[in-house]
Amino acid sequence: MKIAITAASGYLSTEIVKATVALLTKHNVIGLAWTPEKAKHLDIEIRSGDYNDKSLLEQSLKDIDPLLLVSGMDAPEKRITQHSNVIEAAKNAGIFQGIREGKFNNVSHYIGAAGRKHQSWQSYFTHIKND
């Protein structure tokens with residue numbers, strides 16, 4: 001089992017990587033980062049993790065299962081598309097287990113159509129195994 005953790009160079013993901021390495025081994029933890037050089041200090045395999053590049057994400061997610069998707073820092077309307085790209089890439093790469101960090105039941109900070117879209121991709125990610 002190799003788990004991938006997105007946004008590996010960020011503060012939250014760095015802490016998640018450290019905790020996961022302590023539970024597994026560094027050989028079973030893959031970090032995805034927008035700028036891989038910024039995550040090299042983690043001493044694990046780092047792959048490209050630009051949420052805007054679905055085909056590159058798909059390559060980076062090969063031989064991974066499960067995936068931990070850590071939310072990006074862009075505006076909500078951009079994050080929805082970005083996270084959808086990660087989810088689609090995961091599905092195309094054959095990942096059957098996924099976890100998304102964040103508040104699943106609180107979409108009140110998303111407005112209008114963005115909120116509805118957020119709910120739909122959340123549901124899609126939750127059910128990725130069944131597709």
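This is a predicted model: local features need pLDDT of at least 70, side-chain atom pairs count only at pLDDT 80 or more; totals for chains, interfaces and linings use all residues.
Reader: Which helix does Leu56 sit in?
Author: Leu56 belongs to helix α2, which covers residues 54-60.

Reader: And how far is Leu56 from Ala89, in sequence and in space?
Author: The two are separated by 33 residues along the sequence, while their C-alpha atoms are 8.5 Å apart in space.

Reader: Let me step back, then: which pattern of helices and strands does the chain follow?
Author: The chain has four helices and five strands, and reading along the sequence gives the order β-α-β-β-α-β-α-β-α.

Reader: Which residues touch the most other members of the largest nonpolar core?
Author: That core holds 28 residues, and the ones touching the most other members are Ala4, Ile5, Leu42, Leu61 and Leu67. The elements that contribute two or more residues to this core are β1, α1, β2, β4 (67-69) and α3 (76-92). As a general background, nonpolar side chains in soluble globular proteins tend to be buried together.

Reader: Ile5 interests me; which residues does Ile5 touch?
Author: Leaving out residues up to four places away in sequence, Ile5 touches a list that includes Ser13, Ile16, Val17 and Thr20, and also Val29, Ile30, Gly31 and Leu32, with Leu68 and Val70 among them too.

Reader: Switching to charges, how many salt bridges are there?
Author: The count comes to three salt bridges. In general, side chains of opposite charge can pair when their charged atoms come close.

Reader: Which residue pairs with Lys18?
Author: Lys18 forms a salt bridge with Glu15, at 3.5 Å from N to O, and both residues lie in helix α1 (residues 11-23), three residues apart, or about one turn of the helix. Lys18 is partly exposed at 48% relative accessible area, and Glu15 is partly exposed as well, at 34%.

Reader: And what does Asp43 pair with?
Author: The side chain of Asp43 meets that of Lys26 in a salt bridge of 2.9 Å, N to O. Asp43 is in the loop between β2 (29-33) and β3 (45-48), whereas Lys26 is in the loop between α1 and β2, so this pair ties together parts that are 17 residues apart in sequence. Lys26 itself is partly exposed, with a relative accessible area of 35%.

Reader: What about Arg47, is that side buried or exposed?
Author: Arg47 counts as buried because its relative accessibility of 15% falls under the 20% limit. Its salt bridge is with Glu45, at 2.8 Å from N to O, and Glu45 is partly exposed at 36%.

Reader: Last topic: which residues form the nonpolar patch on the surface?
Author: Met1, Leu23 and Leu24 form that patch, with about 350 Å² of accessible area together. Met1 lies in the segment before β1 (3-5) and is exposed, at 60% relative accessible area.

Terms used:
Residues are numbered from 1 along each chain as its sequence is written. Side-chain values use heavy atoms; hydrogens and water are left out. Patches are made of residues with over 30% relative accessible area and no salt bridge: like charges are joined within 9 Å, nonpolar side chains (Val, Leu, Ile, Met, Phe, Trp, Tyr) within 5 Å. Accessible areas come from the Shrake-Rupley method with a 1.4 Å probe; for residues, only the protein chains shown count as cover. A salt bridge is a side-chain nitrogen of Lys or Arg within 4 Å of a carboxyl oxygen of Asp or Glu. Buried means under 20% relative accessible area, exposed over 50%, partly exposed in between (1.4 Å probe, protein chains only). A nonpolar core is a set of buried Ala, Val, Leu, Ile, Met, Phe, Trp, Tyr and Cys residues joined through side-chain atoms within 4.5 Å. Contact means heavy atoms within 4.5 Å.
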